[in-house]
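Please examine the sequence and the model shown here. The paragraphs after them form a guided reading.

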Amino acid sequence: MRKHFSFLHCADLHLGEPFAGICPEMSGPWTSAINKATFKSFEKIIDVAIESRVDAILISGDIYNSENHSLAAQMAFARELYRAAQVGIHTFIVHGNHDPKEAWRADIPLPESVHVFSSDDVESVILKKDGEDVAAIYGMSFKTKHITENLSLKFKNKNKNLFSIGMLHTDVGKSEGVYAPCTINDLKKSGMDYWALGHIHKRKIISEKPYIIYPGNIQGLDITETGAKGCYIVDVGAFGTVTPKFVETDALRWVDLTIDISEFNQTEDLLNEITKRRLLLREQTGRPNIIRLIFTGRGILHKAVSSKDGQEYILHMLNDKERFRHIFSYFARIDDYTNISIDLEERRNLPDIVGNYLLAYDEIKMTNKEDKIKILNDMLNKSPEFEKLKKSIYKIDEKLLIRAFERAEIAGVEMLAEEENENN
């Protein structure tokens, strides 16, 4: 029978990393909160470790990005680890692709209770509790930003009497790659009882026998990283039973809010609905939110929500109401997937200018990609407007050309329908 113990497993702290895709068009409580978010999240990590009385903290890579080794980030990291050390918590660290050993800067000394694993080979360190050996922790750091070698093959459990933990920053499920790729079977063959992984910014329990876990990052960094972020508290029983529990630590939460415009006739009604939905989001997350509005559906507000001016107006009006809230919702951007209120399929069957336009569009749409590119390029080169722009535009690639063509279905119908209404 082994001795009961527990540990906190986190990864991908990215301390001091600026949020991507954020450019606040007005100041508010989010201005400071965004700058401090990663630091606040790591403070929460240490709070959770202390409150849970864990015996160790495991950090599986990417403490901060090599290019953002600010003194402030180093000081914040060291300060929090000293807090953990004061209550007897040991910390174990492996470096990842964003903070490899060759680029690591440690101007601020860390507590003696912190062990940073070598990048030369797998190391093994014994974790003690009340003077007794309770676990063997194995780890290996990234030496450089890119590692094509399968580092997991170097891990072997050398002491079957102790609970074994493997720490690695890796890309699981790939046979090739530049982030120490490995397979699930590679990890299982090592004989580890628990794999504390890092690298993927989404929490994922890959296996339960043994436990192979990605905790995800502790704070979402852009709009693609929606939902709760945090760490795992892992309880290891006297008979080796493993119970992981996810704990939320994100200071700000990225969320998507989808609104169907079809039921709204006025912009003000749409804004009121968004405000109501925002209140529900705040209750669900219990923290400030950064929101991407996703508009869908077909309706008369299509032009208002699809135009640049319309989107700027909506974001300004919504954020203006949030400027004095402590638990705020910052509306960062709008993604538009709406259509005009015209029934496109019905108009395709009408023998008028709109119907003819849609039939001509369909004829090009149904051609293969190579012919489609040729047709669109020919049309573009014959355009008088393009002749004027040739000097300022170096090249229009295929991706941009196809995207413009796809948008032309709606844009063309809108223009022709407006002309039709004016003539009537």
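This is a predicted model: local features need pLDDT of at least 70, side-chain atom pairs count only at pLDDT 80 or more; totals for chains, interfaces and linings use all residues.

Residues are numbered from 1 along each chain as its sequence is written, and side-chain values use heavy atoms, with hydrogens and water left out.

The protein contains 11 helices and 15 strands; these elements are DSSP runs numbered from the N terminus, helices being H or I of at least four residues and strands E of at least two. Its C-alpha trace spans about 90 × 50 × 40 Å along the principal axes. Of its 424 residues, 48% count as buried, where buried means under 20% relative accessible area, exposed over 50% and partly exposed in between, with a 1.4 Å probe and protein chains only. Among contacts (heavy atoms within 4.5 Å) with a separation of 6 or more, 71% come from residues 24 or more positions apart.

Six strands form an open sheet in the order E5-E6-E7-E8-E10-E9, and the pairing is mixed. Two strands are taken to pair if DSSP finds at least two bridges between them. From one strand to the next, the twist averages 20 degrees.

Two packed helices are described by the angle between their axes and the distance between the axes. For H4 and H6 the angle is about 45 degrees and the axes are 11 Å apart. Axes here are lines fitted to C-alpha atoms, for helices over the stretch in contact, and angles run from 0 to 180 degrees between N-to-C directions. H4 is therefore oblique to H6, given that angles under 35 degrees count as roughly parallel, over 145 as roughly antiparallel, 65 to 115 as roughly perpendicular and the rest as oblique. On the H4 side, Thr 267, Leu 271, Ile 274 and Thr 275 meet Tyr 313, Ile 314, Met 317 and Leu 318 of H6.

Side chains of opposite charge can pair when their charged atoms come close. A salt bridge is counted when a side-chain nitrogen of Lys or Arg lies within 4 Å of a carboxyl oxygen of Asp or Glu, and the model has 27 by this rule. One of them joins Glu 248 and Arg 287, at 2.9 Å from N to O. Because Glu 248 belongs to strand E12 (residues 242–248) and Arg 287 to the loop between H4 (267–285) and strand E14 (289–298), the pair ties together parts 39 residues apart in sequence. Glu 248 is partly exposed at 34% relative accessibility, whereas Arg 287 is buried at 15%.

Helix H4 also contributes Arg 278, whose side chain meets that of Glu 322 in a salt bridge of 2.8 Å, N to O. Glu 322 sits in the loop between H6 (308–320) and strand E15 (329–339), 44 residues from Arg 278. Both partners, Arg 278 and Glu 322, are buried. Asp 320 and Arg 323 form a further salt bridge, with their closest N and O atoms 2.9 Å apart. Asp 320 is partly exposed at 33%, and Arg 323 is partly exposed at 34%. Elsewhere, salt bridges with shared partners join Glu 43, Asp 47, Arg 79, Glu 80 and Arg 83 into one network.
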